[in-house]
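Dear colleague,

Please find below the structure that I am handing over to you. My notes on what was found in it follow directly after.

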Amino acid sequence: MLLARVAAVSNEVAAISARSRKIAALGELFVEARPEDVALVIAYLAGRVPQGRIGVGWSVLKDPVPPAEVPALTVTETDAALTSLAEVAGPGSQAERKSRVRDLMAAATADEQRFLTRLLTGEVRQGALDAVALEAVAKAANAPADDVRRAVMLDGSLPRVARALLADGPEALRLFRLRVGSPVQPMLAHTAASVTEAVRTLDAACAVEEKLDGIRVQVHRNGDDIRVHTRSLDDITDRLPEVVTGARNMTGDQFILDGEVIALDTTGRPVPFQDIASRVGSRTDVEAARAALPLSPVYFDVLAVDGDPVLDLPGSARHDVLARLVPEPMRVRRTVVEDPGDEEQIAAAEEFFAATMRRGHEGVLVKALDAPYSAGRRGRSWLKVKPVHTLDLVVLAAEWGHGRRTGLLSNLHLGARTADGGFVMLGKTFKGMTDVMLRWQTERLRELAVEDDGFTVRVRPELVVEIAYDGVQRSPRYPAGVTLRFARVLRHRPDKPAAQADTIEQVLASRN
């Protein structure tokens with residue numbers, strides 16, 4: 001398949017707001033694609049490069065290359081070029097990357113160049129998320145979407161399922177089933193504003209569990225073979241020997257567990273997420289890393305036991321299985337609300353949330369006890385509750401948007417006040433803004449613009465925005481050494497002068 005066709009559909013989907021029309025456009029594309037091309041097409045539309053980080057950024061892409069006049073570049077040729085780029089290393093690698101990028105861009109038309117640039121810089125945001133692509137694959141193959149969804153849930157890979165389905169038809173879905181040793185996508189949660197709201201929304205008996213700020217892990221034991229996978233299904237077994245040891249000491253020998261790995265300091269409080277991520281990311285001298293920061297697994301669900309799936313059991317039954325399999329110190333703290341209409345039970349659940357926060361954890365998850373485990377889905381039967389933090393920050397710059405946001409200033413560079421009257425950048429966000437907000441801020445920021453390089457517009461630091469965020473974490477990318485987690489815009493504050501925005505001292509204090 002030509003990359004030009006993928007780029008065209010990417011632009012088309014980005015301009016469409018209706019989910020049904022997105023599905024139709026993608027479905028037509030998948031019908032045209034060869035089965036062996038589908039995995040790449042899905043990855044590119046979702047803004048993913050299968051090779052991962054390939055060391056190509058704006059410094060490599062900034063120099064224009066005359067485009068090809070006629071589309072001829074295929075997705076498989078693009079994939080080969082990106083694989084070649086990913087393999088570049090050692091002395092002279094930067095010059096070699098530039099040379100190979102120029103070769104790739106020279107084979108691309110102007111539209112393809114724009115798409116490749118967005119793909120390589122992580123700027124493909126046209127709304128072709130996996131959930132939409134899944135329904136489009138089902139449509140293209142004339143298969144029930146629920147059957148495709150379950151196959152993806154059990155296999156963990158939409159591209160792999162799509163390739164088999166489009167090559168062999170709906171019968172291929174029977175090949176995908178839960179197997180110990182083969183990781184599946186984890187169940188995710190929606191959000192509620194409070195424990196009380198969550199309990200009343202579920203309107204059923206539910207468990208309230210600690211929400212831990214660690215690394216999500218899925219642990220598979222098949223006899224003596226124990227594998228540990230991340231939320232993105234990466235195998236990190238060799239980096240977590242303590243998790244392997246803990247699983248080996250359990251009584252069962254064929255199971256799949258869902259949990260988190262965390263670390264506690266000498267006072268029993270959780271250490272920052274970045275420290276855990278750094279430890280899990282360490283690939284060398286694992287024993288030294290383990291000695292410096294020992295990790296503890298905490299499990300909250302079970303997907304299979306004795307080799308048999310238990311996904312479809314209600315949450316209460318799965319917890320009984322978990323309790324038989326996993327020692328209590330390795331199970332998540334929880335309390336149960338048997339009657340969602342009982343005010344005393346709800347008050348006890350709210351106190352559990354408060355105590356969880358006092359212990360330094362991220363929040364709680366409220367889970368319906370009658371619900372199955374919906375792997376790979378953001379189920380309505382799990383609701384997460386976290387405290388909302390807000391800051392008033394100043395816009396330092398904004399980036400021109402893509403797709404539906406073409407012609408609008410979208411990605412905001414956020415700054416906090418410093419003691420000398422200046423501003424220090426804390427990160428960026430393009431989340432939380434309605435179309436009306438985007439149009440208004442584009443007009444206002446153009447009035448404040450002092451420089452526009454065609455990608456980023458730098459502005460006078462005058463516009464204040466109220467930002468919600470989940471926490472502050474260390475980041476060497478920004479001057480203050482910190483950034484905001486999951487920042488999103490709540491509202492513009494044109495009524496508030498920049499001199500009254502929050503200070504970097506206030507931001508740093510909020511970490512405590």
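Strand β10 is largely enclosed by the rest of the structure, because 6 of its 8 residues are buried; buried means under 20% relative accessible area, exposed over 50% and partly exposed in between, with a 1.4 Å probe and protein chains only. Strands (E, at least two residues) and helices (H or I, at least four) are DSSP runs, numbered from the N terminus.

Please note that this is a predicted model, in which local features need pLDDT of at least 70 and side-chain atom pairs count only at pLDDT 80 or more, while totals for chains, interfaces and linings use all residues. Residues are numbered from 1 along each chain as its sequence is written, and side-chain values use heavy atoms, with hydrogens and water left out.

The sheet

Strand β10 belongs to an open sheet of 5 strands with mixed pairing, in the order β1-β10-β9-β2-β8. Its edge strands, each pairing on one side only, are β1 (188-191) and β8 (334-337). From one strand to the next, the twist averages 35°; axes are lines fitted to C-alpha atoms, for helices over the stretch in contact, and angles run from 0 to 180 degrees between N-to-C directions. Two strands count as paired if DSSP finds at least two bridges between them.

With β9 (residues 363-368), strand β10 (residues 378-385) pairs in the antiparallel sense over 4 bridges. Valine 364 has valine 385 of β10 as its bridge partner, and lysine 367 has tryptophan 382. The pairing of β1 with β10 is parallel, over 4 bridges, and there threonine 191 is bridged to lysine 384 of β10.

Helix α11 (residues 195-202) lies across β2 (206-211), β8, β9 and β10, and runs at about 160° to β10. Contact here means heavy atoms within 4.5 Å.

Around tryptophan 382

The structure holds 1 aromatic pair. Tyrosine 373 and tryptophan 382 form this pair edge-to-face, at 5.8 Å centre to centre and 85° between the planes. Rings of Phe, Tyr and Trp (its six-membered ring) pair if their centres lie within 6.5 Å; planes under 30 degrees apart count as stacked, over 60 as edge-to-face and the rest as tilted. Tyrosine 373 is buried at 2% relative accessible area, and tryptophan 382 is buried at 4%.

Lysine 367, the bridge partner of tryptophan 382, also lies over the face of tryptophan 382, at 4.0 Å from the ring centre. A charge sits over a ring if NZ of Lys or CZ of Arg is within 6 Å of the ring centre and within 35 degrees of the ring normal.

With kind regards
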